[in-house]
Amino acid sequence: MRLDAKIPAGPVTQKWDRHRFELKLVNPANKRRYNILVIGTGLAGASASASLAELGYHVKTFCIHDSPRRAHSIAAQGGINAAKNYPNDGDSIWRLFYDTVKGGDFRAREANVYRLAQVSNLIIDQCVAQGIPFAREYGGLLDNRSFGGAQLSRTFYARGQTGQQLLLGAYSALMRQVAAGRVHLFPRREMLDLVAVNGQTRGIIARNLVSGEIERHEGHAVVLCTGGYGNVYFLSTNAKACNVTASFRAYKRGAFFANPCFTQIHPTCIPVHGTYQSKLTLMSESLRNDGRVWVPRDAGDKRPAKQIPEAERDYFLERKYPSFGNLVPRDVASRNAKEQCDLGKGVGETGLAVYLDFADAIRRDGRAAIHKKYGNLFQMYEKITGEDPYETPMMIYPAVHYTMGGLWVDYNLMSTIDGLFVLGEANFSDHGANRLGASALMQGLADGYFVIPYTIGGYLAGSRFPEVTADHPAFAETERQVQAQIAKLLSIRGRRTVDDFHRRLGLIMWDHCGMSRNNAGLEKARGKVQELREEFWKNVLVPGGERDFNQSLEKAGRVADFLEFAELMIVDALARQESCGGHFNEAFQTEENEAQRDDANFCHVAAWEFAGDGRAPDFHKEPLVFENVHLTQRSYK
Ligand SMILES: Cc1cc2nc3c(=O)[nH]c(=O)nc-3n(C[C@H](O)[C@H](O)[C@H](O)COP(=O)(O)OP(=O)(O)OC[C@H]3O[C@@H](n4cnc5c(N)ncnc54)[C@H](O)[C@@H]3O)c2cc1C
């Protein structure tokens with residue numbers, strides 16, 4: 001199969017306008033004839049559901065939580081990018097486009113990134129109209145702060161709770177449509193499979209997580225907004241419920257998975273502190289606006305931070321990257337922190353941490369000013385670690401945070417299965433090999449509010465839909481397969497818990513397919529994942545029954561998918577014999593230990609097609625063409 005990204009012709013600045021004009025429209029009176037299933041209620045899913053219902057489509061919206069507001073998006077802290085240029089410091093749509101392509105280490109599609117930058121400003125207008133309480137500066141305009149990979153301030157924020165405020169806005173828009181009867185909301189439902197009839201998406205199989213009942217839902221299109229898969233590492237900053245199940249099961253039905261090995265390791269997280277920890281906590285990138293990252297100059301220096309004089313500290317990011325300083329992109333900051341720890345300069349009990357110090361900022365701006373900007377983050381840090389960051393520097397270490405890989409989509413956000421659209425973190429789309437801070441919220445809302453309302457219309461108006469109901473044999477067969485897997489999981493009655501398998505999988509992935517990778521380690525990890533998977537299916541313990549509220553069963557299904565998906569990540573990492581962004585293969589680095597791309601051989605999206613259980617996936621390539629931002633070695637010096 002030839003991958004066709006359906007990128008419109010013409011200059012990059014005109015592609016989206018032209019495409020919107022050329023897309024077929026669905027007449028307003030006909031929209032109510034179409035049923036659209038939206039899976040997920042994070043920023044991508046809530047905004048898509050609200051926008052599609054507002055247009056007049058019948059929408060059914062599903063999420064695994066008890067309320068749409070519990071989607072992981074609620075946890076986003078730092079902010080959302082847009083090219084408004086309010087601070088008058090040199091921003092433009094073109095610069096946001098440029099920074100994002102470069103930040104992604106030239107592994108994203110130019111046309112999509114330009115569109116993202118273009119609609120970024122509309123998102124802010126929409127959110128302001130919804131009443132999102134963005135921070136304002138003294139003149140009344142919305143305030144902006146800086147994030148990594150940009151030399152200006154374009155990040156809109158609501159203290160350290162931007163995701164919460166944006167999600168409450170999207171949720172309000174969604175609930176308005178629920179009240180109007182245009183969205184039918186299905187909380188506590190888990191999509192367990194996709195139903196396709198003659199290659200066309202026609203519905204889903206979902207499990208009611210309270211009653212255990214298996215449900216069939218038919219529709220004319222499915223919009224998957226189920227978030228990222230960072231929890232394959234067990235420990236991550238993601239909410240515990242984040243998973244790959246919906247995407248992976250769609251992959252098994254024919255949706256290609258793109259760049260699964262592209263994982264983002266965020267530099268500023270609270271370090272791991274115990275074997276039985278189940279979650280890692282992010283300290284927002286916004287803190288690097290004022291916090292200075294340092295380690296002791298000499299390896300093995302175990303004095304408390306306050307006793308280490310200025311001359312004996314190494315502000316390594318400021319030293320190595322004078323132009324961007326502490327605000328280098330995440331992949332660069334994370335690798336450097338690891339490098340310092342590997343050199344024996346790490347701090348804290350484990351030696352796996354570096355300092356993030358606010359002393360200078362507090363001296364300069366006063367404690368009150370710092371409290372106003374970051375109060376909730378400082379409080380969170382103190383509650384978790386017992387240390388007061390106003391008095392002693394924070395200790396931070398990189399942790400898994402975001403996944404740039406996802407289901408492959410074309411310019412219309414449609415996967416390789418007709419009628420299956422993928423939005424938000426679940427698609428591979430716009431961030432290449434490294435996402436810049438504050439760009440995920442932007443992308444989720446761009447997809448949901450401003451892209452899918454147009455592109456889904458083009459699909460619906462241009463397609464034929466033979467009569468298919470939930471009684472169709474394809475539904476019956478898919479449901480049978482879902483039931484069989486559940487029965488199998490419950491029948492094993494082994495000796496090890498689901499969490500035990502998940503934790504062991506996470507460790508394999510972190511050690512060998514994490515911040516830094518090498519071919520021998522990846523090969524080893526592949527074998528270990530296969531062994532663990534085999535053991536899982538013989539020895540996992542899933543207590544309880546299927547007609548019940550059974551969280552062990554829910555987790556077991558998700559971990560079963562992670563165990564297969566992890567191998568796909570490793571296969572992808574092995575196939576990409578270069579370093580780029582978050583994918584750092586030790587064999588490919590510059591003299592200064594930066595990621596060394598190989599544009600001659602790897603300037604492409606790697607898209608994997610499921611080839612059957614126990615068989616290696618088939619590889620497909622979407623070449624990436626850079627006409628506007630020229631391929632160069634990324635430099636933040
Ligand atoms: C701690 C933290 C802070 C962050 N801060 C920022 C920030 O400041 N700025 C920024 O740009 N980005 C930030 N990010 C990234 C950003 O929050 C996420 O990428 C983004 O919110 C993802 O939104 P989404 O709508 O794609 O998915 P999610 O918000 O993860 O929503 C997924 C939805 O899918 C549902 N779901 C999942 N599986 C199923 C299934 N099988 N069946 C039915 N429903 C299902 C869930 O119930 C949920 O409703 C942060 C990430 C983390 C971890």
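Select strand E12 (263-269) and helix H9 (330-342): each supplies at least two residues of the lining of the second largest cavity. Helices (H or I, at least four residues) and strands (E, at least two) are DSSP runs, numbered from the N terminus. Cavities and pockets come from a 1 Å grid over the protein atoms alone: a cavity is a set of points where a 1.4 Å probe fits but cannot get out, a pocket is an open set with protein on both sides within 12 Å along at least five of seven lines, and lining residues have an atom within 4 Å of a point.

This is a predicted model, where local features need pLDDT of at least 70 and side-chain atom pairs count only at pLDDT 80 or more, while totals for chains, interfaces and linings use all residues. Residues are numbered from 1 along each chain as its sequence is written, and side-chain values use heavy atoms, with hydrogens and water left out.

**The second largest cavity**

Now show the lining: Thr 263, Gln 264, Ile 265, Asp 331, Ser 334, Arg 335, Met 515, Gly 581 and Gly 582. The space inside is about 60 Å³. A volume here is the space filled by probe spheres set on the grid points, which are joined across faces, edges and corners. Colour the lining by class: 2 residues are nonpolar, 5 polar and 2 charged. Ala, Val, Leu, Ile, Met, Phe, Trp, Tyr, Cys and Pro count as nonpolar, Asp, Glu, Lys and Arg as charged, and the others, Gly among them, as polar.

**The largest cavity**

The structure holds 4 cavities of 30 Å³ or more. The largest has a volume of about 130 Å³. Its lining has 14 residues, and Glu 190, Leu 192, Ile 486, Leu 553 and Gly 557 are the closest to its centre. E7, H7, H13 and H16 each give at least two residues to this lining. By class, 6 residues of the lining are nonpolar, 3 polar and 5 charged.

**The second largest pocket**

Which elements each supply at least two residues of the lining of the second largest pocket? Select strand E7 (189-197), helix H7 (245-252), helix H13 (473-492), helix H15 (519-539) and helix H16 (551-575). H16 provides the largest share, 6 residues. The pocket holds about 760 Å³ of space. Of its 29 lining residues, Phe 248, Lys 252, Glu 564, Phe 610 and Asp 613 lie nearest the centre. The lining divides into 12 nonpolar, 5 polar and 12 charged residues.

**Asn 550**

Go to the loop between strand E20 (540-541) and H16, and pick Asn 550. Is Asn 550 buried or exposed? Asn 550 is buried, at a relative accessible area of 6%. Buried means under 20% relative accessible area, exposed over 50%, partly exposed in between (1.4 Å probe, protein chains only). Leaving aside neighbours within four places in sequence, Asn 550 is in contact with Leu 209, Leu 490, Pro 543, Gly 544 and Gly 545. Contact means heavy atoms within 4.5 Å.

**His 65**

Next, the loop between strand E2 (58-62) and strand E3 (80-81) holds His 65. His 65 is buried, with a relative accessible area of 19%. Not counting residues up to four places away in sequence, His 65 touches Arg 70, Ala 71, Pro 187, Arg 188 and Ala 241. Draw a distance from its C-alpha atom to that of Ser 92: 38 Å, for 27 residues along the chain.

**Two backbone turns to check**

Most residues other than glycine have a negative phi. Arg 159 has a positive phi, near 45 degrees. Look for Arg 159 in the loop between strand E5 (153-156) and H6. Arg 159 is partly exposed, at 37% relative accessibility. Leu 413 also has a positive phi, of about 70 degrees. Find Leu 413 between strand E17 (406-407) and strand E18 (420-422). Leu 413 is buried, at 1% relative accessibility.

**Helix H6**

Select residues 162-179, helix H6. The expected span is 1.5 Å times one less than the number of residues. Among the buried residues of H6 are Leu 166, Leu 167, Tyr 171 and Leu 174. Gly 181 follows H6, with a positive phi near 80 degrees.

**Zoom out**

The chain has 17 helices and 22 strands. Buried residues make up 62% of its 637 residues.
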